[in-house]
Amino acid sequence: MMTPQLMQSIRLLQFTHAELERFIDDEIERNPLLERAEAPEDPSGDQFPKIEAPGEANAAPSDDWFEGEAGWSSEAISEKLDTSLENLFPDDPGAVERMGPDLAMQWKSASAGSGPGGSSEGFDMEDMAAAAVTLRDHVGEQISFAFVDPAERLVASELTDWLDEAGYFRGEAAEIAARFGVDEPFVLKVLAGCQDFDPAGLFARDLAECLRIQLARRDRLDPAMAALVDNLELLAKRDFQTLKRLCGVDEEDLLAMLAEIRALDPRPGGGFAGGSADTIVPDVEVRQAADGSWAVELNPETLPRVLVDQVYFAEVTGRTKDQGERNFLTECLQNANWLTRSLDQRAKTILKVAAEIVRQQDAFLVHGVRHLRPLNLRTIADAIGMHESTVSRVTANKYMLTPRGVFELRYFFTASIASAEGGDAHSSEAVRDRIRQMIEEEQASDVLSDDAIVDILKKSGVDIARRTVAKYREGMNIASSVQRRREKRAIAGTAS
């Protein structure tokens, strides 16, 4: 069975700076042998800048399902997720031998007191009244009841990370399947289960699917309504004659169907708290060294320093004769030592992953986004000798300060687009930037269609399909060539 210490180490890897601080504060309050060490003064006086960003951007994935669940055996998840101590502590091979006795009861009570429905110790009515339910919290609760298989819960939690503020799923099932070592139908099955969550429409991949889910929940997805939802572009153009023909209804029925559509919620996740503007503190800083290489350093502000009071432990255990008290102090010491080693290993792992990302994306740091290389988790994992799941946790909600700005670590992982000339592949993010620049530089007399953009990109060595160009353009909220041409003509007519 997974030990409480192992679960703690897994969670520590994916904690944000704010969550880690709260976790450390709770541990210090529970453990009399733990105390914070004062951070040393920085002689250079350099401070990491703090950037305001929406709270949802660096919210952590809900992992309430991960605590205290029966059935979490190494056999049950060995093929889905690498949770071995050797993988979590590659720089500390003796961790297994030094692990203390099973402290499940203590950890179960500790974690129960820190979440909903737990102990009332430290209960604050004002905090309870002020706490707003976020979309991730709401979905996390439903995951606990909807899925029994631990692998399905794991994938469902990952799918939750790809929800936008409106509640739409913005990830790629194939990419998630490859990351977790399962097949794509398994991920799509879990996604279908998540689409049964409340409110109806969550986890839809587009507006049409969102409306379809809500109509099916109301038992109103008949063939006529399905045809209407499948042709929302005609509805946007107000082409009611074509809609009546496709749906096989008269004008009265069409008006009634449109009234039903208007009653649906196109943003099912919009009613949840997105959080106030949080402060992003970069976890890693990248500077150019004197010899032209890159110096990668951890931000000391994001590294909580915790000390184990060995003197106090020796003093108290020497005075007490009660065996229960001695056992309690021994457990506290084991927990404290494990926590300090976990924090140290977490820092080393973040630095190791960040350094390899910098090595892989050196051209981006020197020349900009056009030189961003295609990169995936497996490439980093193979290079540093870790499992993909570890790299995935490390890169979640961590930020890097570079000479080109502050980026989430996952920004550097982009899909690969083949080269038309058989050379190196191109990063999807770099291709998006090229498309954006071409459209920004176009003239009213020469507005580029998606096909024209495809031809230009292929001439420069990028093998890309028209539908991919359209997808990237729509993702950047850029109108079609027809709409852009109309807008430019209208502007030109107003100017004249």
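Predicted model: local features only at pLDDT ≥ 70, side-chain atom pairs only at ≥ 80, totals over all residues.
Residues are numbered from 1 along each chain as its sequence is written, and side-chain values use heavy atoms, with hydrogens and water left out.

**Confidence**

On pLDDT, the predictor's confidence in each residue from 0 to 100, the chain averages 75, and 74% of the residues score at least 70.

| Stretch | pLDDT | Contacts in the model |
|---|---|---|
| Residues 43-86 | below 50 | 108, beyond near neighbours in sequence |
| Residues 92-130 | under 50 | 37, beyond four places in sequence |

**The sheet**

Helices (H or I, at least four residues) and strands (E, at least two) are DSSP runs, numbered from the N terminus. Two strands pair if DSSP finds at least two bridges between them.

Which order do the strands of the open sheet take? The four strands go 5-4-7-8, with mixed pairing. Strand 5 (294-298) and strand 8 sit at the edges with a single partner strand each, so one side of each has no neighbour in the sheet. On average, neighbouring strands here are turned by 25 degrees against each other, direction ignored. Such angles run from 0 to 180 degrees between N-to-C directions, with axes fitted to C-alpha atoms, for helices over the stretch in contact.

Strand 4 (residues 284-288) runs antiparallel to strand 5, joined by five bridges; Val286 has Val296 in strand 5 as its bridge partner. Helix 18 (residues 323-360) packs on this sheet and touches strand 4, strand 5 and strand 7, its direction making about 155 degrees with that of strand 5.

At the other end, strand 7 (residues 399-402) pairs with strand 8 (residues 405-408) in the antiparallel sense over four bridges. The two form a hairpin with two residues between them, and Tyr399 stands opposite Glu408 in strand 8.

**Buried spots**

Buried means under 20% relative accessible area, exposed over 50%, and partly exposed in between (1.4 Å probe, protein chains only). Eight of the eight residues of helix 21 (residues 388-395) are buried, so this helix is largely enclosed by the rest of the structure. Among them are Glu388 and Arg393. Just after helix 21, Asn397 takes a positive phi of about 60 degrees.

Methods:
Contact = heavy atoms within 4.5 Å.
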